[in-house]
Amino acid sequence: MKAAVLKLIWKLLGRKKLAINRETCIVCGKCYKLCHHNAIEKSGNGTYVIQSDKCMRCYHCKEKCPKQAIE
Ligand code: SF4
Ligand code: SF4
């Protein structure tokens with residue numbers, strides 16, 4: 001319930017869903033380690049993927065990514 005309310009607030013504030021750009025991502029894992037909502041998972045080929053249903057749009061990963069690969 002709390003998650004749904006937070007998502008609604010972010011949506012109203014214009015915070016969009018995030019995705020990792022595989023062209024610029026260097027697979028350092030920083031975003032994976034810092035996400036408190038376990039919204040970033042490692043895929044079978046070793047890259048990271050944001051699960052939009054779990055993502056709270058806090059943007060911490062986007063702000064800390066060293067390659068600005070989260071858009
Ligand atoms: S922090 Fe950025 S460069 Fe590192 S794995 Fe995540 S998206 Fe890729
Ligand atoms: S925006 Fe926040 S909740 Fe979503 S993947 Fe990034 S750190 Fe996790």
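Visitor: Which contact joins the side chains of N45 and T47?

Guide: This is a predicted model. A polar contact is read from a pair of N or O atoms within 3.5 Å. Here, the side chains of N45 and T47 are joined by a polar contact of 2.8 Å. The side chain of N45 also makes a polar contact with the side chain of S43, at 2.6 Å.

Visitor: Where does N45 lie, and is N45 buried or exposed?

Guide: N45 belongs to the loop between β1 and β2. A residue is called exposed when its relative accessible area is over 50%. N45 has 56% relative accessibility, and therefore counts as exposed.

Visitor: Is T47 buried or exposed?

Guide: The cut-off for a buried residue is a relative accessible area under 20%. T47 has 16% relative accessibility, so T47 counts as buried. T47 lies in the loop between β1 and β2. The 2.8 Å contact thus pairs N45 with T47, N45 being exposed and T47 buried.

Visitor: How many salt bridges does a search of the whole structure find?

Guide: The search of the whole structure returns one salt bridge. The side chains of K54 and E41 form a salt bridge, with 2.8 Å from N to O. This pair connects distant parts of the chain, 13 residues apart: K54 comes from the loop between β2 (48-50) and α3 (60-64), and E41 from strand β1 (residues 40-42).

Visitor: Why do K54 and E41 count as partly exposed?

Guide: Partly exposed is the class between the two cut-offs already named, under 20% for buried and over 50% for exposed. K54 is placed in this class because its relative accessible area is 35%. E41 is partly exposed because its value is 30%.

Visitor: Which residues form a nonpolar patch on the surface?

Guide: V5, I9 and L13 form such a patch, and together they have about 270 Å² of accessible area. V5, in helix α1 (residues 2-12), counts as partly exposed because its relative accessibility is 41%. I9 is also placed in helix α1; its relative accessible area is 40%, so I9 is partly exposed.

Visitor: Which residues are around ligand 2?

Guide: The shell of a ligand is read first as a list and then by class. The residues around ligand 2 are L18, C35, H37, A39, I40, C55, M56, R57, C58, Y59 and C61. By class, this shell has nine nonpolar residues, one polar and one charged.

Visitor: What value does phi take in V27?

Guide: In V27, phi is near 55 degrees, a positive value in a residue other than glycine. V27 is placed in the loop between α1 and α2 (30-34). Its relative accessibility is 37%, so V27 counts as partly exposed.

Visitor: What is the phi of Q68, and where is Q68 placed?

Guide: Q68 is not a glycine, although its phi is positive, at about 50 degrees. Q68 is found in the segment after α3. Q68 is exposed because its relative accessible area is 59%.

Notes:
Residues are numbered from 1 along each chain as its sequence is written. Chains are lettered from A and ligands numbered from 1 in the order in which they are written. This is a predicted model: local features need pLDDT of at least 70, side-chain atom pairs count only at pLDDT 80 or more; totals for chains, interfaces and linings use all residues. Side-chain values use heavy atoms; hydrogens and water are left out. Patches are made of residues with over 30% relative accessible area and no salt bridge: like charges are joined within 9 Å, nonpolar side chains (Val, Leu, Ile, Met, Phe, Trp, Tyr) within 5 Å. Accessible areas come from the Shrake-Rupley method with a 1.4 Å probe; for residues, only the protein chains shown count as cover. A salt bridge is a side-chain nitrogen of Lys or Arg within 4 Å of a carboxyl oxygen of Asp or Glu. Helices (H or I, at least four residues) and strands (E, at least two) are DSSP runs, numbered from the N terminus. Buried means under 20% relative accessible area, exposed over 50%, partly exposed in between (1.4 Å probe, protein chains only). A residue is near a molecule or strand if one of its heavy atoms lies within 4 Å of it. Ala, Val, Leu, Ile, Met, Phe, Trp, Tyr, Cys and Pro count as nonpolar, Asp, Glu, Lys and Arg as charged, and the others, Gly among them, as polar. A polar contact is a pair of N or O atoms within 3.5 Å; within protein, one must be able to donate a hydrogen and the other to accept it, and residues adjacent in sequence count only if both atoms are side-chain atoms.
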